[in-house]
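Please keep the structure in view while reading, and look up each residue as it is named.

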Amino acid sequence: MTAPTPPRHRPALLAVDDDTHVLRAVRRDLLSVYADRYRVLSTTSPADGLRILDRLADRGEEPALLLVDQRMPEMTGMEFFAESLNRFPSARRVLLTGYADTSVAIDAINEVKLHHYLVKPWEPPAERLYPVLDDQLAEWQSTYEPPYEGIRVVGHRFSPATHQLRDFLTRLLQPFRFVDVEEAGDGEVPAVELPDGTRLVRPTRTDLMSALGLRGELSRPHYDLVIVGGGPTGLAAAVYGASEGLATLLLDAHVPGGQAGTSSRIENYLGFPAGVSGAELTRRAVAQARRFGAELLAPVGAVSLRRAGRAHLISLSDGREIGAGSVLLSTGLSYHRLAADGCDRFEGAGIYYGSTNSEAALCAGQHVVIVGGANSAGQAALHFAQHADQVTMLVRAPSLATRMSRYLVDEIDGTPNIEVRATTEVESVSGSAHLERITLCDNRTGAVDEIAAESMFSFIGARPRTGWLADTVRRDPGGYLLTGPALAGLLDETWDLPRDPMLLETSAPGVFAAGDVRADSVKRIASAVGEGALAVTQIHQHAAGV
C-alpha cells in the first residue's frame, strides 16, 4: 500500500573506482537495470565520493547502495566505508575486490559491517552482479523510510496497543512512520493512516491485513498438507511441500517468521557471510513458498485438531474449518514472561518480549536493558548498541559463554557501549505511565541495586505453543511434542497403522512435528529448516502408505 517514489526523490547508487575503464563498465551495468528507480552516481575519487554523500545529506537524500573498489591509492574501500558509516549507516555496502583481496573482504564484514563483496570481473552481470544487487536493494527498501507520505501509525509511544501495531507492520515489512500522539493532536488512537486517506482506529490484525490487501484466502476445503506455524520450519516445509506438488497451506496466528523473524541480525546461517535480518530471511522464504504455489493464511491460527478417518480437520480462529491429508505442527515457542514485581504492568510500555526492530529507532540516545544470555539476546544487544547510548545485558549465568555462540560473545566484548552484568536478575520494576526504574539482584551475593531505563527486552527461556492441541497428541512434561522413538511404549489404540511412527511423526498418524516445538530438537534456525524439509519427505512416505 505504498506509492512509487517520485523521480525527484530517487535514492542514489554510488560507484567509486579509480580505474576509469572499470568505473565506466560499472556505471553502464547499473544504468541499464536501475536507472528507472535509482540515481546512478559515480566517481574515480574516494574523497569526491564522500563529498557526494555530504551533498546528498544536505539535500535530505539518501544512497541505497555503495559499490566501492578495495584497491585505491587515495583511500581503500574499507577506509571509504568506515567514513561513510557515520553519514549513512543504513546504506548497503558492497566491495569490489580481486581474488587476492577476499581475506580483506572478510575482515571488512566484521570491521565496517560490509554487506557483500564481488570478485572482479563480475561478467556476465545478469548472473553475477544483478542478483547480488537486487537482494541488497530489496533489503534496503524493506527498512527505508521514503520521503513521500506513506503509512502512519499515530499513538502513544508507551502504549501496548501502539507497540503491537508498530511491531505487526514491521514484521509485515510495511514501511511506516510513527507519530507520537503529542505531535498528532486530538483523535482516537492508536490509529493507522493509509496513503489513500483511510484512517483505521484501533484496528485488529485482520482489519489491517484486509486494508493492506495482504489477507490470504482459502482456495479449497481440503489440502494435501496443512502447516501450522510459519517460522523457519514451517516456511521450509511450505517450500518443499509445494515444490513437490503437494497442495500446501501454511497457517500463522500472527505473521510468518516466528521468533527468527524478529531477529535483527542472524550471522551464523549458511550462505550469508555478512548476516541477514530475520525479516529479510522471512521475506525471501515467503516469496519462495508462494512462487511454488503454497498458500499462506495469516493472522489465522489453529484452535483444534481432530481426526476424520484418514484425514484431519483443523478448526481455525476465524471460525472456518479445513481438511488435511497430513498436518505438520511447527508452532515454535513463545518467550517466558518475567516474573518480577511490576513486569505485567509495563508490558508493551517499556517491557518487550523478543521484538526489537520496531523499537530500535525510538531508543536512540537511551539506556536499553536486555535480559537473557542466549544468541537471541546477544543479537538484540548488538542491534541496540547501534542506536542506544548504553546497553546493559542481564545474565543469570556466570558469563555469556555459558549459552551464547562464541562469535557473538567476541562481538559483544568488542562493543564499548555494551555492559554485561553476570549472575544478575530482575527483582522488580517501577515507573509512572511507563517503565522508568529496574531493581536488580546479584544471585550470587544477594546485593541489590537500581538502574534507570525506559526500555527492557526479555529473551529468557521459552515454552512450546501446544496448549491448543489438548490430548490430540502426546507431549512431554514441558509441553513439547513427542515424535518417533520417543513414543515407544506410549501409543494407544488411536495408533492404527501397521508401522511405528516415523522420526518426526507424533502419536497421531499423519500428524508430524518439527522445529523448536518438537521434544529434544536442536534449537537453531538451520536445524529448524532441515527438519521442515525432512518432514515433507516423511509426509510423502506416509501418503504412499510406506
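Leaving aside neighbours within four places in sequence, serine 405 is in contact with Asn268, Asn375 and Arg524. The model in which these contacts are found is a predicted one. Serine 405 itself is placed in the loop between β19 (390-394) and α14 (406-413), and because its relative accessible area is 16%, under the 20% limit, it counts as buried.

One of the contact partners of serine 405, Asn375, is also among the buried residues of helix α13. This helix runs over residues 375-385 and is mostly covered, since 10 of its 11 residues are buried. Besides Asn375, the buried residues of α13 include Gly378, Gln379, Leu382, His383 and Phe384.

Serine 330 sits in the loop between β15 (321-329) and β16, and with a relative accessible area of 6% serine 330 is buried. Apart from neighbours within four places in sequence, serine 330 is in contact with Ile227, Val228, Gly229, Thr233, Gly234, Ala514 and Val517. The C-alpha atoms of serine 330 and glycine 258 are separated by 9.8 Å, although these two residues are 72 residues apart along the chain.

**Helix contacts**

| Helix pair | Residues | Angle | Axes apart |
|---|---|---|---|
| α1 and α6 | 20-34 and 130-143 | about 60° | 12 Å |
| α2 and α3 | 46-58 and 77-87 | about 10° | 11 Å |

The angle of about 60° between α1 and α6 makes α1 oblique to α6, and the crossing of α1 and α6 is right-handed. On the side of α1 the contact is made by Asp29, Leu30, Ser32, Val33 and Tyr34, and on the side of α6 by Tyr130, Leu133, Asp134 and Leu137. Sorted by class, the residues of this contact of α1 with α6 are 6 nonpolar, 1 polar and 2 charged.

For the other pair, the angle of about 10° makes α2 roughly parallel to α3, because angles under 35 degrees count as roughly parallel. Here Pro46, Gly49, Leu50, Leu53 and Asp54 in α2 meet Phe80, Glu83, Ser84 and Arg87 in α3. The contact of α2 with α3 has 4 nonpolar, 2 polar and 3 charged residues.

**Aromatic rings**

A search of the whole structure finds 7 aromatic pairs. In one of them, the rings of tyrosine 269 and phenylalanine 272 have their centres 6.2 Å apart and their planes at 25°, so this pair is stacked. Tyrosine 269 and phenylalanine 272 are both buried.

The pair formed by tyrosine 335 and phenylalanine 459 is edge-to-face, with 5.5 Å from centre to centre and 85° between the planes. Because tyrosine 335 lies in strand β16 (residues 333-335) and phenylalanine 459 in the loop between β24 (455-458) and β25 (462-464), this pair ties together parts that are 124 residues apart in sequence. Tyrosine 335 and phenylalanine 459 are both buried.

Finally, Tyr34, Tyr38 and Tyr130 form one aromatic cluster.

Definitions and conventions: Residues are numbered from 1 along each chain as its sequence is written. This is a predicted model: local features need pLDDT of at least 70, side-chain atom pairs count only at pLDDT 80 or more; totals for chains, interfaces and linings use all residues. Side-chain values use heavy atoms; hydrogens and water are left out. Buried means under 20% relative accessible area, exposed over 50%, partly exposed in between (1.4 Å probe, protein chains only). Helices (H or I, at least four residues) and strands (E, at least two) are DSSP runs, numbered from the N terminus. Axes are lines fitted to C-alpha atoms, for helices over the stretch in contact, and angles run from 0 to 180 degrees between N-to-C directions. Angles under 35 degrees count as roughly parallel, over 145 as roughly antiparallel, 65 to 115 as roughly perpendicular and the rest as oblique. A crossing is left-handed if the near helix is turned anticlockwise from the far one by less than a right angle, and right-handed if clockwise. Contact means heavy atoms within 4.5 Å. Ala, Val, Leu, Ile, Met, Phe, Trp, Tyr, Cys and Pro count as nonpolar, Asp, Glu, Lys and Arg as charged, and the others, Gly among them, as polar. Rings of Phe, Tyr and Trp (its six-membered ring) pair if their centres lie within 6.5 Å; planes under 30 degrees apart count as stacked, over 60 as edge-to-face and the rest as tilted.
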